[in-house]
Amino acid sequence: MTPTRISEVIRDALESPDVSADRQTVRYLQEALDALSDGMPPDYTAMILYSALGRLGESR
C-alpha cells in the first residue's frame, strides 16, 4: 500500500454521498490527504483515518 494508493481511496471516499454529507468526516479525510502529501508518519495518518471511520460509524 503506497501513499498514492491511499490518497486515491480517500478521494474516492470523499465523492461518496454518505461521506460528503458529514462535514466532520470530510474534514478528517482532507486532513489525512494533507498528512499524506506532507509526508507525515503513517501512524499519524492512520489515526486520522481511524477518526473518520469512527465518525462514519456514529452516523449510521
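Analyst: The model is predicted. The part to look at is helix H3, residues 23-37.

Start with its length. H3 has 15 residues. From its first C-alpha to its last, H3 reaches 21 Å. That is close to the 21 Å expected at 1.5 Å a residue. After H3 comes Gly39. The phi of Gly39 is positive, near 75°.

Next, the buried side. Thr25, Val26, Leu29, Ala32, Leu33, Ala35 and Leu36 are buried in H3. An α-helix has 3.6 residues a turn, so residues three or four places apart point the same way. What do the buried residues of H3 pack against? They pack against H1, helix H2 (17-20) and helix H4 (42-58).

Take H1 first. Helix H1 covers residues 3-14. H1 and H3 pack at an angle of about 160°, and their axes are 10 Å apart. The cut-off for roughly antiparallel is over 145 degrees, so H1 is roughly antiparallel to H3. The crossing of H1 past H3 is left-handed.

Which residues meet there? From H1 come Pro3, Ile6, Ser7, Ile10, Arg11, Ala13 and Leu14. From H3 come Val26, Leu29, Gln30, Ala32, Leu33 and Leu36. By class, this contact of H1 with H3 has 10 nonpolar, 2 polar and 1 charged residues.

Ser7 sits in helix H1. Its relative accessibility is 11%, so Ser7 counts as buried. Buried here means under 20%. Setting aside neighbours within four places in sequence, Ser7 is in contact with Leu33 and Leu36. Both Leu33 and Leu36 are on the list of buried residues in H3.

Leu36 also gives a reference point for Thr2. Thr2 is in the segment before H1. At 43% relative accessibility, Thr2 counts as partly exposed. Thr2 and Leu36 are 34 residues apart in sequence. In space, their C-alpha atoms are 9.9 Å apart.

Now turn to H4. H3 and H4 pack at an angle of about 165°, with axes 9 Å apart. H3 is therefore roughly antiparallel to H4. H3 passes H4 in a left-handed crossing.

The H3 side of this contact is Gln24, Thr25, Tyr28, Leu29, Glu31, Ala32, Ala35 and Leu36. The H4 side is Tyr44, Thr45, Ile48, Leu49, Ser51, Ala52, Arg55 and Leu56. Sorted by class, the residues of the contact of H3 with H4 are 10 nonpolar, 4 polar and 2 charged.

Compare the two lists on the H3 side. Leu29, Ala32 and Leu36 meet H1, and Leu29, Ala32 and Leu36 also take part in the contact with H4. Val26 and Leu33 are among the residues that meet H1. Thr25 and Ala35 are among those that meet H4.

Thr25 lies in helix H3. It counts as buried because its relative accessibility is 0%. Which residues does Thr25 contact, leaving aside its neighbours within four places in sequence? They are Val19, Ala52, Arg55 and Leu56.

Leu53 is in helix H4. Leu53 counts as exposed, at 58% relative accessibility. Leu53 and Tyr28 are 25 residues apart along the chain, and 9.3 Å separates their C-alpha atoms. Met47 is partly exposed, with a relative accessible area of 48%. From Met47 to Asp12 the C-alpha distance is 19 Å, across 35 residues of sequence.

H2 is the remaining partner to cover. The buried residues of H3 pack against H2 among others. Asp18 lies in helix H2. With 52% relative accessibility, Asp18 counts as exposed. Asp18 and Leu29 are 11 residues apart along the chain, with 13 Å between their C-alpha atoms.

To sum up, H3 is roughly antiparallel to H4, and H1 is roughly antiparallel to H3. The buried residues of H3 pack against H1, H2 and H4.

How values were computed. Residues are numbered from 1 along each chain as its sequence is written. This is a predicted model: local features need pLDDT of at least 70, side-chain atom pairs count only at pLDDT 80 or more; totals for chains, interfaces and linings use all residues. Side-chain values use heavy atoms; hydrogens and water are left out. Axes are lines fitted to C-alpha atoms, for helices over the stretch in contact, and angles run from 0 to 180 degrees between N-to-C directions. Helices (H or I, at least four residues) and strands (E, at least two) are DSSP runs, numbered from the N terminus. Angles under 35 degrees count as roughly parallel, over 145 as roughly antiparallel, 65 to 115 as roughly perpendicular and the rest as oblique. A crossing is left-handed if the near helix is turned anticlockwise from the far one by less than a right angle, and right-handed if clockwise. Contact means heavy atoms within 4.5 Å. Ala, Val, Leu, Ile, Met, Phe, Trp, Tyr, Cys and Pro count as nonpolar, Asp, Glu, Lys and Arg as charged, and the others, Gly among them, as polar. The expected span of a helix is 1.5 Å times one less than its number of residues. Buried means under 20% relative accessible area, exposed over 50%, partly exposed in between (1.4 Å probe, protein chains only).
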